[in-house]
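Here's a quick tour for anyone meeting this structure for the first time. Take a look at the model, then read on.

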Amino acid sequence: MKNPCILVIEDEAAIRKLLFITLQSSGYNCLLAATGSEGKIMAAAQQPDLVLLDLGLPDGDGQALLRGLREWYAKPVIVVSARSSEHDIVTALDNGANDYLVKPFRTGELLARIRSALRQAVNEQNTPVKIFGNLTVDLTTRTVKKNGEAVKLTSTEYALLALFVKNEGRVLTHAFILREVWGPGYVEHTEYPRVFVGQLRKKIEDDPNRPKLILTESGVGYRFSEG
Ligand code: CA
């Protein structure tokens, strides 16, 4: 298999160099862009398997670039930014980022997020039966089993679980979850995800108080762990 190609859009030379060395030594091909416009051209010309995107760029805001990219680029985008406010993170995810990493980041963490995003991109075309430890979710028959025993879910609980499973490893914002499960008219009902995640955890987690499947991303939303 060909090594995945990762495009880095980052204006700081030192970080660009660090990312280049880290990615190359981990077996990825790496393309570098120092500005947003350069990045956009390279993404279109080279069709990389994943984009690492900085938000503070000299020729415009990374959030706008992300929205533009998402009109035609469907592969994973991970935002790597010094901006750490919930607002910036939620905006980036709602603009279509698969994940968000705050600088300074640990390279081990970055590589884990990249592996997860690439695996997720492959999984989308794969089998409809998903296995997470002792939990099995069959997306065609809409059946859920824990330790081989059927788990009874309400239709809303199932819709929520299916959304998590289909977006494994990805941070889903409260607004995204509300829109997808309840519909566009419910985006203000921010208590719904919390209530239904609580119910789901009781049914699928080994210990609902120390969840290993549905993880809370504080102030942002939830991430379904790939286990
Ligand atoms: Ca920057």
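A donor here is an N, O or S atom within 3.2 Å of the metal when that metal is Ca, and water is not among the atoms, so sites may look incomplete. Keep in mind that this is a predicted model. With that said, let's start at the calcium ion.

**The calcium site**
- Three residues supply the protein donors of the calcium ion: Asp11 (OD), Asp54 (OD) and Gly56 (O), at 2.2 to 2.4 Å from it.
- Along the sequence, these donor residues follow the spacing D-x42-D-x1-G.
- Asp11 and Asp54 tie together distant parts of the chain, 43 residues apart.
- Asp11 sits in the loop between β1 (5-9) and α1 (13-25), while Asp54 sits in the loop between β3 (50-53) and β4 (56-57).
- Asp11 is partly exposed, at 31% relative accessible area, whereas Asp54 is buried, at 5%.

**Helix α3**
- Helix α3 spans residues 62-69, and its buried residues include Gly62, Gln63, Leu65, Leu66 and Leu69.
- These residues lie on the same side of α3, because they cover an arc of only 160 degrees around the axis.

**The cysteines**
- How many disulfides are there? The count is 0.
- For Cys5, the nearest cysteine sulfur belongs to Cys30 and is 7.7 Å away; a disulfide would need the two sulfurs within 2.5 Å.
- Cys5 counts as buried at 13% relative accessibility, and Cys30 counts as buried at 11%.

Conventions:
Residues are numbered from 1 along each chain as its sequence is written. This is a predicted model: local features need pLDDT of at least 70, side-chain atom pairs count only at pLDDT 80 or more; totals for chains, interfaces and linings use all residues. Side-chain values use heavy atoms; hydrogens and water are left out. Donors are N, O and S atoms within 2.8 Å of the metal (3.2 Å for Na, K and Ca); water is not among the atoms, so sites may look incomplete. Helices (H or I, at least four residues) and strands (E, at least two) are DSSP runs, numbered from the N terminus. Buried means under 20% relative accessible area, exposed over 50%, partly exposed in between (1.4 Å probe, protein chains only). The arc is that of the directions from the helix axis to the C-beta atoms.
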